[in-house]
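Q: Please give me a close look at one part of this model, the side chains that pack together inside, and begin with the contacts of the chain as a whole.

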Amino acid sequence: MVSSHSAFLKLAVAIMVCMALTAPLAEAAMTCGTVTKGLAPCMGYLRSGGSPSAACCNGVRSIKGMAATKADRQVACNCLKSAASRVSGIKLNNAASLPGKCGVSVSLPISPRTDCSRVG
């Protein structure tokens, strides 16, 4: 009996460790790679304006759809702010108007001054 109790205890501990390790991953499934990939087709619009391409708007809608949790939206916000500071030639007014031109609503303005901790 001691042997089966010990095995059960080890299994329970192993399951709890796995749950503890994967819980932070479940909180934010969004990554900067996901955001970058989704917005890559938008670079022409972000730099030059005009009309965003269908591929760009599909990427914007995809990011919006994947940002299901508050943590996901905060990750996406911080990634966008970081990319905006790294990538040259992006016009902030084009970035701010992109969601609307793609028919996507966002709760905060797109700006380098956006406080991503306020994203709900």
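What percentage of the contacts in the protein chain with a separation of 6 or more is accounted for by residues 24 or more positions apart?

A: In this predicted model, local features need pLDDT of at least 70 and side-chain atom pairs count only at pLDDT 80 or more, while totals for chains, interfaces and linings use all residues. Residues are numbered from 1 along each chain as its sequence is written, and side-chain values use heavy atoms, with hydrogens and water left out.

Residues 24 or more positions apart account for 78% of the protein chain's contacts with a separation of 6 or more, where a contact means heavy atoms within 4.5 Å. The chain holds six helices and zero strands (DSSP runs, H or I of at least four residues for helices and E of at least two for strands, numbered from the N terminus). Of its 120 residues, 25% count as buried (under 20% relative accessible area, with a 1.4 Å probe and protein chains only).

The largest nonpolar core has 17 residues, joined through side-chain atoms within 4.5 Å and drawn from buried Ala, Val, Leu, Ile, Met, Phe, Trp, Tyr and Cys. Within this core, Val 35, Leu 39, Cys 42, Val 60 and Leu 98 touch the most other members. At least two core residues come from each of H2 (32-39), H3 (43-48), H4 (54-66), H5 (70-86) and H6 (92-101), and H4 gives the most, with four. If residues up to four places away in sequence are not counted, Leu 39 touches Val 60, Ile 63, Leu 80 and Leu 98. In soluble globular proteins, nonpolar side chains tend to be buried together.

Notes. Buried means under 20% relative accessible area, exposed over 50%, partly exposed in between (1.4 Å probe, protein chains only).
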